[in-house]
Every structure is written in C-alpha cells, then in structure tokens.
Amino acid sequence: AEAMRLYPNKSGAATRVGFGLACYRLGQVDRAKAAFARALSIDPENVDAMVGSAVLDMASLDETSAEFNSLMEKAIKMMSMANLLDHSNAMVQNHLANHYFWKWTPMSGTAEVIQGSTLVKGSQPIPLEEGERIRIGTDFETYVADFGDETDEDGNTFRTKDPWKGPSTAGLKVWKKDYDRVIALAKGAYNSTSVQDIQAESLFFLARVYHVRDDLEHAHQFYDRACKLSPNLSPARFGLAQTLIAQEEYAEAAAHLQLVLGTSNTATDALATLGLLEVKGRKKLQDGLANLRKAIDLDPLNPDLILHEALALQQDETNYPRSLERYKKAVQLMERQGKKIPSEIYTNIGVLCHETKNYEESLKMYRLALDAADDEATRKLATMENVGIEGGRIRHQDNSMFFDYVDTTLQVQYEASEEGTTSLKVTNADGKKATDIGLLSGDHVRVGESFESQVVNIVEDGDTMTLELKDPLKTDKPKPKAKESKEGDTDEAKEGESKENESNEETQGKKVATLFVKRENGRLD
C-alpha cells in the first residue's frame, strides 16, 4: 500500500495483485476485488489478476439469482482467457477442470426417444462414444451404451444404458459431460506446478472423473495419492473412504472418515456414512446413531440423511417402529420437494410394516413399490393379449396387484333367477369367434360390477356364442306388477291384460351386463 501511495505510476499491475492477495488474506474481499480490477485496467493480460478477479467473482455468486448463469459464464471466460495466455498456470487449469466436471456441454441437433426404449434417433449425427454420460431433455441422465450393429449408416442413432421412461417425444436437446477435457486440464495442472497442495487438487479432480465413470480402481489410486500430498484435503479423503467401502474395507474407511471430521466436524455426508459403518459393525451402535442424528440436526430438511438413519435403525428388530417412522418422514420430505420416491424405499417400508403386523399398510407399500419400479407408464396395464405363461397364471385374490379385469366390450344376456344360471348369451358377438376376441375357455371373468366366475366352456353355433360358467349367477327375479281389475272390465280386456303381464314377466326375467376378463399386467415381466 505504501509503494502504491508513493509511486502510483511505477508500482504497476503486479503491485496491485500483491495488494489484492494481502487484502484477501485479511478477509477484505471487496478491497481485493478492487485491487484486481485496477491491476487489469493497467495490464489487461495480467494472468494473476484475471485469476484472482474470476475466483472472487465466482465465490460471491448467488445461485438463486436470475443473473447467476451470465455472471458465472463471464467469470469462466476470464479464466479461459487466462489459460490461453499462460498454459502453465496450474491454478487456472484446476479451476477450469472443476468447472467442466459440472458443466453440461450441448450437442448439435435434437433427439427423438420412444417410451420404454433405449434407442435414440438424432436429427443429425451426434458424436458420442460408449460410456459417455449424457442428458436428454431437462432431467434424464444416463450413459451411452454399446452401439452394437444397430446404428444406421449416417450415425444418427445410438443406445442408452437406461430406457426412456417418459412419453415418446421428439425435438429434445442432448448434452454430454466433457470428462476428457477435465482429465486433460487436471493432468496439465499437475505437471505445471511443484506445489503439493495444488497437485493434490489435480489428483482429486482426476479421481472424481474415474469415480463417476465407475472405475473405482483408478479412482482409489488417485484419491490415495491426493491425500498423501495434502492430508487436509477433505473431499479427496471422503472419496477415498467411499472407494474403501466399495472394497469392503470398512475399518479403514471409518478411520478416514474420522480424519475428515477432524478437519470439518460439520461434514454431514461424512457423519452419516460413518454412522452407517458404526451401526453395521454392531460394536458402536449408539455412536453410529448419534452421528446420524448429528448430521440430521445440521441439515434437517435433507431426506437422504433421514433415510440413512432409517436404514441404520432397521438393522435391529427392536428399532423397527422408529425406522418405519423415519422412512415415512423421509418420504414426506421428498414429496414436498417434488422428488420421485424410489421403489427400494417403498419396499423397505412394506417389509417393516409386514414385520410389525400392519399387513394392510404393507400391501399398500408393495403396490407403490411396483408402481415406482415400472419402466414406463403403460407397462403395468393388463391387455386382452397378456394371458400369461401357461400354468403360471396368478388368479388368487390376494395377488390382485398382478392382474386387472379388462373390458371385453362384450354384452352378455342371462336369465334372472334366484336359483341362478350358468349360461350367458353374448348379444354383440357380430359373427366373431371367441379366438378373434381373445376369450379362452378357463378364463376368469367378471359379469357387471361384482359377480366373478370362470368360463368352463364356450359354445359357438353359427353367429351366436354362449358362455358356460363354473358358478351360477344368482339374482332376485323381479315380479311384474299385475294391473288391478276394475269393475266393469270386459272379458276381452282382462284377457289382454293377462297377456301383457306374461310378456312383461318374460322381458323382465332377462338381464344384460358387460363382460370383463382377468388378465395379468406387466409387473412380473
């Protein structure tokens, strides 16, 4: 500051950068920003001033602000310019590596998807390779699967790891993660410096890419090297603990989580993961539950933390009621936040309800689990064609979640009587055969809204069709009201009245209802 006061013109941009760094160390962020801005006005290509200004701008951004994206893009452009001016600046390269790890890069053209299918058709060739992480539309994230022999000559189509769950749609944008750029920047940063803390950050960025690609062996190696270079780099140590858990090295993983908490005792993810490990080991059950509770107290609206607690509690039969309560609390939070409830959560709730003898609630949860597990909206619907595997039909009422009654569009007529009838005449077969309609002998059927039975025989005679049922369809036969004879009625009038009553009785003794047939839905496919 004294040099700038005495020699304002000769001190130059470098002095302003040094002053800005000093202000930052003292917590005077606004003065630091002003110093970096002044340095850039003196020397627009001063890389250190660019980096300092961009870093402070990014750190002060409000993610909820409408200007967040534009201001972030401005800061990244400045960082990219600094990288062009100085390819050996490790700090710049690390910042860009972190940015591109999170950034979705838009691809040219649009895509067409089909409900329940993994095949994607582009409006033009989309340069993608197997294993790349992509996003289609606003929220469907998956990986590019093996192309196989199904791509067309123009290269417009590719397959994804997961099927498209929404309705068939065209004109969707496609984005991808440019992990190759992240790797190149991180390796460049590592080789551009001898400062171990900066090298450790580079190794952490490399490990994170391999981790998200599910290459846990390389991820573990880079996390481990990062921790050795910078023991206090908590994100790298937490990643190392995660890879150790995948290797079932639980004791070593717990030790690294303890070190993370020694650096930051409010790290909720580390608290929750350590709590689960301690509960799993059984020796520190109460310590594990205490760590989970501490994590939830720090972030009470995080449903993932509450799910961790529920999972820990369900390890002990005596804690089933508490676990059930925590699962339901997590579901409530997820619903309020508009998040989809995974089928595994409903399944766990169903099991706990079953174990606590709440069978009705258990059945309800299993139904919700099956609904959540459906790959597409129409998969669970029963159709006339889905007769199931021979000998494997599910017909018991307790298994009703696996079948539905399908409207055959057939109208059947039957005699209304207290004794009941097993014969139903199809009134609108219109010359069709039972096989044309999809109706089979042995089918379980419903007549109207409530009567259920089984077809034991189908009699076809010309254009007529009659169904023979296993059980009699009983109804209260309606009794027609006879007109009262009036004094002075002639014999001819009384005779006509008698014939009318007989006709009414014959008509009112027949009933017509819709026929439904039981078919399996797709929940067991």
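**Note on the predicted model**

1. The side chains of Ser-453 and Asp-471 are joined by a polar contact of 3.0 Å, a polar contact being a pair of N or O atoms within 3.5 Å, where within protein one must be able to donate a hydrogen and the other to accept it, and where residues adjacent in sequence count only if both atoms are side-chain atoms. Ser-453 belongs to strand β12, residues 451–461; helices (H or I, at least four residues) and strands (E, at least two) are DSSP runs, numbered from the N terminus. With a relative accessibility of 6%, Ser-453 counts as buried, where buried means under 20% relative accessible area, exposed over 50% and partly exposed in between, with a 1.4 Å probe and protein chains only. Leaving out residues up to four places away in sequence, Ser-453 touches Asp-443, His-444, Val-445, Leu-469, Lys-470 and Asp-471, contact meaning heavy atoms within 4.5 Å.

2. Residues are numbered from 1 along each chain as its sequence is written, and side-chain values use heavy atoms, with hydrogens and water left out.

3. On confidence, the protein chain averages a pLDDT of 85, and 84% of the residues score at least 70; pLDDT is the predictor's confidence in each residue, from 0 to 100. Over residues 502–507 the pLDDT is below 50, and this stretch has three contacts in the model beyond near neighbours in sequence.

4. As for the overall make-up, the protein chain contains 19 helices and 14 strands, and buried residues make up 42% of its 525 residues. Of the contacts in the protein chain with a separation of 6 or more, 57% are between residues 24 or more positions apart.

5. The largest nonpolar core has 90 residues, of which Ile-345 and Ile-349 touch the most other members; such a core is a set of buried Ala, Val, Leu, Ile, Met, Phe, Trp, Tyr and Cys residues joined through side-chain atoms within 4.5 Å. Helix α8, residues 196–212, gives the most to this core, with eight residues. Not counting residues up to four places away in sequence, Ile-345 touches Leu-307, Tyr-327, Val-331 and Met-334. Apart from this core lies another, of 22 residues, among them Val-406, Val-426, Ile-437 and Leu-467.

6. The count of aromatic pairs comes to six, on the rule that rings of Phe, Tyr and Trp (its six-membered ring) pair if their centres lie within 6.5 Å, with planes under 30 degrees apart counted as stacked, over 60 as edge-to-face and the rest as tilted. The rings of Phe-101 and Trp-102 have centres 5.0 Å apart and planes at 90°, so this pair is edge-to-face. Phe-101 is buried, with a relative accessible area of 5%, whereas Trp-102 is exposed at 54%. Phe-101, Trp-102 and Tyr-179 form one aromatic cluster.

7. Phe-140 and Trp-164 form an edge-to-face aromatic pair, 5.1 Å centre to centre and with 70° between the planes. Phe-140 lies in strand β5 (residues 140–143) and Trp-164 in the loop between β6 (157–159) and β7 (169–172), so the pair ties together parts that are 24 residues apart in sequence. The C-alpha atoms of Phe-140 and Trp-164 are separated by 7.8 Å. Phe-140 is buried, at 13% relative accessible area, and Trp-164 counts as buried at 11%. Beyond its neighbours within four places in sequence, Phe-140 is in contact with Ile-134, Arg-135, Asp-162, Pro-163 and Trp-164.

8. Arg-135 lies over the face of Trp-175, at 4.2 Å from the ring centre, and Arg-181 lies over the face of Tyr-100, at 4.3 Å from the ring centre. A charge is taken to sit over a ring if NZ of Lys or CZ of Arg is within 6 Å of the ring centre and within 35 degrees of the ring normal.

9. Backbone angles deserve a look at two places. Glu-248, although not a glycine, has a positive phi of about 65°; Glu-248 is found in the loop between α10 (234–246) and α11 (250–263) and counts as exposed at 57% relative accessibility. Lys-357, also not a glycine, has a positive phi of about 65°; Lys-357 lies in the loop between α16 (343–355) and α17 (359–373) and counts as exposed at 62% relative accessibility.

Notes. This is a predicted model: local features need pLDDT of at least 70, side-chain atom pairs count only at pLDDT 80 or more; totals for chains, interfaces and linings use all residues.
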